Amino acid sequence: MAVSLPVAYLNGKFLPVAAARISPLDRGFLFADGVYEVIPVYAGRLFRPADHLRRLQSSLDGIRLQNPHDEAQWSMLLERLVRENGGGYQALYLQVTRGTDTGRDHAFPQKTPPTVFAMASALDELPAAIREHGVRAITLADIRWHRCDIKSVALLGHVLLRQTALEQHASEAILLRDGHATEGSASNLFIVDAGVIVTPPKSTDLLPGITRDLLLELAVSHGLAYRESRIPETQLHRAQEIWLSSSTREVYAVTELDGRGIGDGKPGPLWRCMYDYVQQYKTALLSAAP
Ligand code: PDD
């Protein structure tokens with residue numbers, strides 16, 4: 001579990017996370033009426049903040065909630081949160097809900113200020129055991145709603161899917177919708193098929209991952225062949241390699257799916273290349289002037 005770092009932000013104030021309080025009438029609490037972002041911080045610097053803030057805007061647009069801050073205000077707020085928590089390697093979590101109403105009513109409230117909350121937790125490197133051996137995953141029917149492109153705080157579907165995977169001794173659930181694999185319960189999906197990297201195209205079936213974009217950029221800059229196309233369940237099961245990507249875990253390999261080995265049962269050679277490219281990219285970024 002990622003334990004929160006001590007300082008949080010709530011509605012204009014920096015305060016100890018243990019002292020942060022919201023009302024039970026907050027629409028985030030009553031209706032999961034809000035959206036969120038998770039932004040990695042490397043050596044005190046936010047990674048691709050503009051991309052994360054653009055996706056936040058698109059999630060807010062998706063739920064028809066006005067953005068309470070412009071990009072400069074978000075940057076100031078988030079950079080201060082990083083400093084207050086001692087810099088270094090962090091995962092920032094931010095959440096915007098439709099605010100606290102005077103009662104419980106499904107209809108949007110009028111003129112209620114949104115609730116803005118942010119906190120940080122330590123960001124650890126991908127564990128050596130996962131780098132070496134990869135992880136187990138299982139496939140599950142995608143029980144989530146039809147707007148998986150919105151980073152909504154309504155994560156009950158994701159939570160139930162992930163828990164089912166854990167109870168079956170797997171790290172992640174790869175989700176199937178209409179006979180196709182879309183993404184993981186908290187990650188994007190890549191496979192290697194006949195030497196080509198394949199990932200499902202962006203759609204309302206999956207979250208447009210910031211790490212997913214990075215991996216495709218790196219594929220281009222390093223001349224690796226890739227394709228954005230839907231992945232039928234049968235293609236997933238015969239993949240040479242399977243990878244998952246997210247802001248907190250970068251890119252890691254699935255080496256066992258539904259109890260059967262993928263490739264030779266070890267993280268594959270293209271995953272190894274991509275993992276190295278991501279590390280080189282981060283190193284170059286950190287050595288560049290801020
Ligand atoms: N989850 N798909 C889903 C359903 C996710 O929840 C996530 C990330 C991703 C990957 O997106 P990105 O590369 O932008 O992190 C894809 C975050 C980390 C979370 O909920 O904690």
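Which helices and strands each supply at least two residues of the shell around the ligand?

## The shell around the ligand

In this predicted model, the elements that each supply at least two residues of the shell around the ligand are the strands β3 (34-42), β9 (180-184), β10 (187-193) and β14 (241-246), together with the helix α6 (210-221). The ligand is surrounded by 19 residues, and the closest of these are Tyr36, Arg55, Glu183, Thr211 and Ser247.

Sorted by class, the shell around the ligand holds 10 polar residues, five nonpolar ones and four charged ones.

## Polar contacts and burial of the ligand

For Tyr36, an N or O atom of the side chain is placed 2.6 Å from an oxygen atom of the ligand, and for Thr211 an N or O atom of the side chain likewise lies 2.6 Å from a ligand oxygen atom. A nitrogen atom of the ligand, in turn, is found 3.4 Å from a polar side-chain atom of Lys151. The protein buries 89% of the 480 Å² that the ligand exposes when taken alone.

## A nonpolar patch on the surface

A nonpolar patch on the surface is formed by Ile143, Leu156, Val159 and Leu160, which together have about 400 Å² of accessible area. One of its members, Val159, has its place in helix α5, which covers residues 156-167.

Val159 has a relative accessible area of 48%, and it is therefore partly exposed, a class that lies between buried, under 20%, and exposed, over 50%.

How values were computed. Residues are numbered from 1 along each chain as its sequence is written. This is a predicted model: local features need pLDDT of at least 70, side-chain atom pairs count only at pLDDT 80 or more; totals for chains, interfaces and linings use all residues. Side-chain values use heavy atoms; hydrogens and water are left out. Patches are made of residues with over 30% relative accessible area and no salt bridge: like charges are joined within 9 Å, nonpolar side chains (Val, Leu, Ile, Met, Phe, Trp, Tyr) within 5 Å. Accessible areas come from the Shrake-Rupley method with a 1.4 Å probe; for residues, only the protein chains shown count as cover. A salt bridge is a side-chain nitrogen of Lys or Arg within 4 Å of a carboxyl oxygen of Asp or Glu. Helices (H or I, at least four residues) and strands (E, at least two) are DSSP runs, numbered from the N terminus. Buried means under 20% relative accessible area, exposed over 50%, partly exposed in between (1.4 Å probe, protein chains only). A residue is near a molecule or strand if one of its heavy atoms lies within 4 Å of it. A polar contact is a pair of N or O atoms within 3.5 Å; within protein, one must be able to donate a hydrogen and the other to accept it, and residues adjacent in sequence count only if both atoms are side-chain atoms. Ala, Val, Leu, Ile, Met, Phe, Trp, Tyr, Cys and Pro count as nonpolar, Asp, Glu, Lys and Arg as charged, and the others, Gly among them, as polar.
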